[in-house]
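Take a look at the chain below.

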Amino acid sequence: MNFERYRPTSDLTADDIEDVDQITMSDGRVLNDEEADDLVERLITASGRPSLTAPGIHSPTISMRLDAAMAQKLDAQAAKEGRRRSDLIRDAVANYLHSA
């Protein structure tokens with residue numbers, strides 16, 4: 001059976017793996033039905049990044065453009081701090097709105 005990349009929310013179904021007698025985990029244990037159900041549920045609910053708003057609540061995404069020099073400075077600062085660009089932008093917006 002060829003397990004290519006499946007989107008966890010819809011592409012892989014029980015019918016796709018019903019001909020498999022057992023699945024052995026990396027630690028040598030055989031996956032049972034209860035564990036399989038739990039893994040599927042976690043895959044479905046955990047797709048995407050974690051919410052910044054609250055668990056299970058979608059956090060809005062905002063796209064923006066920067067000039068090349070600003071993007072380079074942002075990347076350099078993010079690397080220096082060991083953080084993501086989005087974290088720095090989020091902090092800058094929060095500080096701006098707090099002082100407005």
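Predicted model: local features only at pLDDT ≥ 70, side-chain atom pairs only at ≥ 80, totals over all residues.

Arg-90 forms a salt bridge with Asp-87, with 2.9 Å between the closest N and O atoms. A salt bridge here is a side-chain nitrogen of Lys or Arg within 4 Å of a carboxyl oxygen of Asp or Glu. Arg-90 and Asp-87 are three residues apart in helix H4 (residues 85–99), so about one helical turn separates them. Salt bridges that share partners also join Asp-27, Arg-29 and Glu-35 into one network.

Residues are numbered from 1 along each chain as its sequence is written, and side-chain values use heavy atoms, without hydrogens and water.

Asp-87 has a salt bridge with Arg-84 as well, with the closest N and O atoms 3.5 Å apart. How accessible are these side chains? Asp-87 counts as buried at 16% relative accessibility (buried is under 20%, exposed over 50%, partly exposed in between, with a 1.4 Å probe and protein chains only). Arg-84 is partly exposed at 42%, and Arg-90 is partly exposed at 34%. The structure holds seven salt bridges.

Now the whole chain. It has four helices and zero strands (DSSP runs, H or I of at least four residues for helices, E of at least two for strands, numbered from the N terminus). Of its 100 residues, 6% count as buried.
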